[in-house]
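Please look over the sequence and the structure below before reading on.

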Amino acid sequence: MSDVYLVTKWALIRRNELVDIPEKLEIHSDFLQRLSHEEFESAFRDIGEMFLQMYSDMADSPQRFGLPLYKIDEYDYFSSQAREARTAPWNLFYFMFCMFACGNFKENVLVAETAEIKKINKAKKTNLLLEALRDYGFVFEGIKKCSLSSGDYLEIDYPDNRNILEVLSVVAKKVKSTQIKDVKNYYSNVIAFSNAFIGWNYKILTEDLHTCSLADGCDYVADKMHDESDKEVISTIDNILTEYGYTKKKGDSNEGPSVRYYCRKSSVYDYALTSDMGTLYLELRIRNAEKCLEYLSECPERILEIFRYSDTGCQNRINGTCRSGVKYVFEQKERWHCGCCGAPFKIHPTKEDIPHYLQLMELGGKK
């Protein structure tokens with residue numbers, strides 16, 4: 001039996017969602033009240049490297065962080081254990097966010113009331129999280145045995161480089177006062193994917209402390225991409241569909257962020273740009289694949305492959321209640337695509353193939 005844990009897989013997926021920091025950082029003057037541009041940028045990059053290492057360490061030693069140790073071959077995708085494992089790697093970063101959002105500087109250290117931290121924090125096993133943070137250079141005073149309940153305040157220090165405290169504090173406070181202001185469930189997937197602290201997104205630095213347009217539009221997905229060609233195709237498709245009059249909404253699937261495009265007042269999206277475990281996909285809600293088959297002779301092989309592919313089935317198909325599946329015959333074989341949890345066709349998009357995607361939807365997008 002495998003000893004690989006579900007949470008190991010998801011720690012690596014969540015690590016991949018950290019936003020790449022560019023060579024040059026634009027930093028609004030509001031962030032530079034206590035540090036120079038050079039000092040702030042250096043600390044910001046160091047924290048990005050620290051977050052990467054934390055996720056890697058979670059994958060290697062999940063028990064060290066109090067993460068659930070459910071084995072990968074013992075639970076199916078829809079189990080409560082699998083759901084817990086998908087979000088558990090975020091717990092440490094949510095807890096850090098809570099600490100630094102609540103804390104205020106007293107000389108060179110940050111001090112936060114433990115009652116305030118506990119009021120907004122939902123992460124469990126915080127004693128293990130505090131112990132783990134010690135291994136990365138953080139020093140805590142005011143409590144005993146890493147128990148938040150043992151003291152009225154928590155004193156946080158990072159003696160190796162106190163600029164780290166400043167940057168963590170100002171980013172957390174801005175996220176709290178802008179991105180998640182008035183948000184009821186800031187632990188939801190859709191909020192986590194856009195949370196600049198969780199994803200350590202450098203774009204939070206470009207606007208003043210009271211303004212945040214981060215993760216608006218297609219950047220909600222594009223920011224998670226690491227390949228420039230993926231970012232370019234996202235922008236191009238978004239511009240085209242916007243010009244065509246499509247409206248867009250954020251999606252919050254387990255595998256990653258999604259931007260979904262709706263025609264007029266439709267309640268079902270036609271297109272979606274989705275990050276699925278770090279891989280970019282364009283979803284196409286082709287409802288009548290038969291109408292697309294003749295046109296496929298003009299398409300490259302990579303598009304033909306998505307029509308050759310056939311799903312093994314879904315639970316709704318097995319019990320005979322599936323109403324979203326697409327069935328068709330291609331190359332003398334019956335094919336079937338599930339449409340219950342997403343659009344039935346998806347492909348890793350390329351810029352040169354965009355005209356084909358649009359034409360296929362024009363042909364097969366309506367029954």
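## The largest cavity

Lining the largest cavity are Val-19, Phe-193, Ser-194, Asn-195, Ala-196, Gly-199, Asn-201, Ala-215, Asp-219, Tyr-220, Asp-223 and Lys-224, where a cavity is a set of points, on a 1 Å grid over the protein atoms alone, at which a 1.4 Å probe fits but cannot get out, and lining residues have an atom within 4 Å of a point. The elements that each supply two or more residues to this lining are α8 (189-194) and α9 (219-222), helices being DSSP runs of H or I with at least four residues, numbered from the N terminus. Sorted by class, the lining holds five nonpolar, four polar and three charged residues; here Ala, Val, Leu, Ile, Met, Phe, Trp, Tyr, Cys and Pro count as nonpolar, Asp, Glu, Lys and Arg as charged, and the others, Gly among them, as polar.

The space in the largest cavity is about 60 Å³, a volume being the space filled by probe spheres set on grid points that are joined across faces, edges and corners. Over the whole structure, a search finds three cavities of 30 Å³ or more.

## Basis of the model

The model is predicted, so local features need pLDDT of at least 70 and side-chain atom pairs count only at pLDDT 80 or more, while totals for chains, interfaces and linings use all residues. Residues are numbered from 1 along each chain as its sequence is written, and side-chain values use heavy atoms, with hydrogens and water left out.

## Helix α4 and its partners

Helix α4 (residues 91-102) packs with helix α7 (residues 163-177) at an angle of about 95 degrees, their axes lying 8 Å apart; axes are lines fitted to C-alpha atoms, for helices over the stretch in contact, and angles run from 0 to 180 degrees between N-to-C directions. This makes α4 roughly perpendicular to α7, a term that covers 65 to 115 degrees, whereas angles under 35 count as roughly parallel, over 145 as roughly antiparallel and the rest as oblique. By class, the contact of α4 with α7 has eight nonpolar, one polar and two charged residues, contact meaning heavy atoms within 4.5 Å.

With helix α6 (residues 126-134), the axis of α4 comes within 11 Å and crosses at roughly 85 degrees, which makes α4 roughly perpendicular to α6. Asn-91, Leu-92, Phe-95, Met-96 and Met-99 of α4 meet Thr-126, Leu-129, Leu-130 and Leu-133 of α6.

## Helices α1 and α2

Helix α1 (residues 6-16) and helix α2 (residues 37-60) pack at about 165 degrees with axes 8 Å apart, which makes α1 roughly antiparallel to α2.

Methods
1 Å grid on protein atoms, 1.4 Å probe; cavity = no way out; pocket = protein on both sides within 12 Å on 5 of 7 lines; lining within 4 Å.
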